[in-house]
Amino acid sequence: MKWNHFKSKLLLKYTLSYISIFLIPLVILTFIIYQNATDTLRSEIEHTNVNQLTQAMTVIDERMKELHEIASRIAYDGQLTPYLVHHPYYSRDAISTLEKYKATSSIINELFLYFRGEDLIYSAKGLEDLSVFLGRYKFHSWKKEDFINDLNNVRFPTMRPSELVDRNGQLQQSLMAYLVPITPNKPYPHGTVMYLIPESSLTGLIDSILTDYQGMTYIFDDNGHVLAANRHGEPVTPDEVNALYQLTSGIHSITLNQEQHSVVSVKSEDNGWTYVTAMPRKQFQERILHIRTFILLVFSVVVVMGTLIAILLARRQYHPISDLMEIVKLKTLTERSSEPPASNELDWIKKTLHNYIKRIDIQEPYARNQYLLMLLKYGHSRDYTAEVQSMLGIRFPHSHYFVIHISWDQTAKAEPHDAELQEEPVPSIVPLFTDISIPEHAASAYGVELPQPEQLALIIGFDADNEDPSVLYERRVQIVEAVRSRIRSNSPVPLAIGVGTAYTSPEQLHQSYIEASSALDFCMLNNQESTGFFDKLSEVQDPAFWIPKDLLLKLNQSLKQGSYKVAAQTIHTAIASLKTEKIPVALLRCICFDIMNTMLKMASELGIHHVVKQLPQLTSFDSLEELEKKLNVLAAEICDHVERKSVYEENTLLNKIIAYIDENFTDYTLSLGTISAKFSISASYFSRSFKEKVGTNFSQYIWQKRMDEVIRQLIQTSDPLKDIITRVGYLDTPNFIRKFKKEMGCTPGQYRKQYGNSGAAELADDEED
């Protein structure tokens with residue numbers, strides 16, 4: 001059965017991926033081209049405006065120079081002397097001469113000649129009284145007194161800003177008044193030439209550069225006053241106008257009236273005036289409409305062609321995956337025909353491979369040991385299902401199970417130093433009991449390596465038809481002796497063995513483990529290098545103990561290991577045994593204090609001192625049931641503290657070990673054995689915990705630290721290579737050089753020659769030789 005390509009989400013995903021890979025750069029490239037074209041066109045327009053505005057400025061400056069020249073000629077014209085101007089006969093010639101001077105400039109609306117101290121003023125129209133500026137030319141902001149004062153006292157050419165002037169009381173015209181003292185450049189001028197210039201004469205020159213554009217035009221004097229302006233109806237605030245004047249010469253982009261404008265500003269060196277044009281940016285977009293259309297057309301064609309190519313490439317890449325999917329599909333349907341196929345081929349393949357890899361990975365000793373350790377501690381494995389247990393190869397087919405807790409005293413021998421650190425140097429006892437069988441006693445065992453150094457737990461399973469305690473005891477004795485014999489034949493070290501009670505269910509193994517640990521503590525407490533059976537501890541019962549000693553030891557051990565479930569069951573057993581005895585109430589209370597003392601003493605040893613404050617509550621009970629509830633609460637508090645402290649101490653210990661390694665990685669004796677001996681932790685347990693926390697194993701971590709230090713010294717020092725390698729903890733220099741070359745692709749000498757200082761590089765080849 002072939003896979004339907006049209007329903008394949010994977011093929012669709014590949015197609016979309018190729019289209020995205022092609023389309024995203026294309027969109028970015030198109031945007032860059034479009035933006036670049038826009039910016040280039042706008043830049044060309046703006047630079048063109050700068051050039052044209054400069055030309056307009058030059059023309060206006062020339063016109064202003066012409067006005068200065070006209071004033072100079074008037075000052076030295078013999079027909080325009082005060083005598084001839086006032087003469088009844090020659091005054092006509094003087095007025096005609098003024099008319100000729102007016103005609104020489106295209107920007108003059110009217111020309112006036114005034115001799116200071118007089119009440120009359122002369123123009124091309126004839127002799128007039130100063131009241132002409134109250135009638136024929138009426139300035140609103142230029143009062144008569146100010147006007148007369150300016151005519152008589154102006155010493156430098158002065159341009160008044162444009163304003164609306166009433167002409168003959170009917171028309172209004174925006175005019176500028178330009179006053180030039182005569183004789184020019186003299187300290188004491190005798191008269192003033194005044195030109196009336198229409199505002200449009202100057203702004204019209206600048207507007208001509210805008211061609212098809214619409215924008216605002218401003219001319220500022222050197223004090224920032226607007227001499228002339230053409231706003232084309234756009235409202236502009238005084239602050240925005242002032243901002244235009246503050247601009248330096250060049251091209252700018254600012255916001256005026258909440259709209260982006262392109263502003264061109266130039267400043268005249270002759271008279272200090274500033275010329276500004278401001279055009280809305282949106283006008284530029286209209287000019288690049290044809291560019292946008294062309295780009296969109298090319299973009300559309302490329303997208304269509306790219307999409308077709310993307311589909312072809314996606315189908316080509318999908319083809320081998322489709323073939324592999326058919327194989328996986330056939331295998332999957334053969335093994336699990338009821339399972340529907342996945343909709344995504346890669347997910348399907350991934351799921352199948354994941355199942356196979358999962359089966360392989362979980363066979364590792366770490367997973368098995370972790371599973372069994374949780375079984376001993378909690379009586380169940382919270383993170384593992386029955387399916388995982390089956391994959392791990394752990395089975396419990398026997399009728400009875402018990403735990404052996406073994407401790408030995410074996411001084412760890414110093415490991416020979418080699419270029420490669422051994423990853424898990426463990427005592428020879430541990431590998432003996434990974435997964436063993438004791439056929440002579442119809443028993444099997446699983447070894448569980450404990451976090452404590454030189455300690456091992458064995459989960460023993462055996463079959464027994466007779467439930468008689470004495471028969472079960474004899475079977476356990478035989479099995480324990482067989483285990484001891486196997487250990488002695490391989491590693492003659494002194495042993496202390498604690499044996500727990502046999503139970504019918506694996507879920508009760510945590511009970512047997514606590515009992516085995518209690519028996520082991522009892523043996524070690526009495527300096528006995530022998531075997532102790534928990535259920536035989538009652539035979540060495542001290543008559544002074546009212547509660548069976550084995551129960552108190554079991555309670556003590558369960559609290560010590562943080563096993564609340566076992567502690568609660570032990571308390572219940574002790575209380576139940578008291579209920580069966582007919583004991584006076586006063587003596588019964590004293591016996592109950594035996595249990596309290598055991599729990600309070602353990603709490604004190606664990607550093608839980610605040611429970612002493614609970615004594616009044618613990619001692620005030622009216623029945624054994626009430627006492628049991630209170631003791632269970634106390635046990636829960638102690639066990640919770642032990643659990644939290646255990647996690648904290650484990651993390652703290654690992655942090656301390658890592659810090660110790662970072663400080664002493666140059667010590668050539670550093671190994672898993674020395675670390676585990678120094679910090680009293682199982683070597684293999686530490687190895688697994690280290691890799692889980694750091695992400696790499698112990699030997700790789702040390703190697704990388706030493707490599708980094710060697711590289712640093714190769715670059716920064718000129719010390720001989722052998723000395724550097726020895727300082728970082730390696731005695732075998734040739735072996736180190738081989739490993740260095742394998743990892744870095746070059747020898748240490750070549751590395752130093754390439755990256756080190758010149759003095760050290762010269763010795764690099766000689767060092768390796």
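**Reading strands and helices in a predicted model**

Modeller: Let us start from a single pair: in this predicted model, Pro 181 has Thr 192 of strand 8 as its bridge partner.

Colleague: How many bridges join strand 7 to strand 8, and do the two run parallel or antiparallel?

Modeller: As a general idea, the strands of a sheet pair through backbone hydrogen bonds, and they do so either parallel or antiparallel. Here, strand 7 (residues 171-182) and strand 8 run antiparallel and are joined by eight bridges. Strand 1 (residues 110-115) is also joined to strand 8, by six bridges and again in the antiparallel sense, and in that pairing Phe 115 has Gly 191 as its bridge partner in strand 8.

Colleague: Why is strand 8 said to be largely enclosed by the rest of the structure?

Modeller: The term buried is used for residues under 20% relative accessible area. Eight of the eight residues of strand 8 (residues 191-198) are buried, and therefore the strand is largely enclosed by the rest of the structure. The directions can be read as well: Gly 191, Val 193, Tyr 195 and Ile 197 point one way, while Thr 192, Met 194, Leu 196 and Pro 198 point the other way, and all are buried.

Colleague: Which residues of helix 5 are buried, and what covers them?

Modeller: In helix 5 (residues 199-207), the buried residues are Glu 199, Leu 202, Thr 203, Ile 206 and Asp 207. Because they cover an arc of only 135 degrees around the axis, they lie on the same side of helix 5. Among the elements that cover these buried residues are helix 1 (9-76), strand 7, strand 8, strand 9 (216-220), strand 10 (226-230) and strand 13 (274-280).

Colleague: What is the strand order of the open sheet of five strands, and which are its edge strands?

Modeller: The order of this open sheet is 10-9-13-12-11, with antiparallel pairing. Strand 10 and strand 11 (250-256) are the edge strands, since each pairs on one side only. On average, and with direction ignored, neighbouring strands of this sheet are turned by 20 degrees against each other. Within the sheet, strand 12 (residues 259-267) and strand 13 pair in the antiparallel sense over seven bridges, and Val 263 stands opposite Ala 278 in strand 13.

Colleague: Which strands of the sheet do helix 1 and helix 6 touch?

Modeller: Helix 1 packs on the sheet and touches strand 9, strand 11, strand 12 and strand 13, and its direction makes about 45 degrees with that of strand 12. Helix 6 (residues 238-246) packs on the sheet too, touching strand 9, strand 10, strand 11, strand 12 and strand 13, and the direction of helix 6 makes about 65 degrees with that of strand 9.

Definitions and conventions. Residues are numbered from 1 along each chain as its sequence is written. This is a predicted model: local features need pLDDT of at least 70, side-chain atom pairs count only at pLDDT 80 or more; totals for chains, interfaces and linings use all residues. Side-chain values use heavy atoms; hydrogens and water are left out. Buried means under 20% relative accessible area, exposed over 50%, partly exposed in between (1.4 Å probe, protein chains only). Helices (H or I, at least four residues) and strands (E, at least two) are DSSP runs, numbered from the N terminus. Two strands pair if DSSP finds at least two bridges between them. The arc is that of the directions from the helix axis to the C-beta atoms. Contact means heavy atoms within 4.5 Å. Axes are lines fitted to C-alpha atoms, for helices over the stretch in contact, and angles run from 0 to 180 degrees between N-to-C directions.
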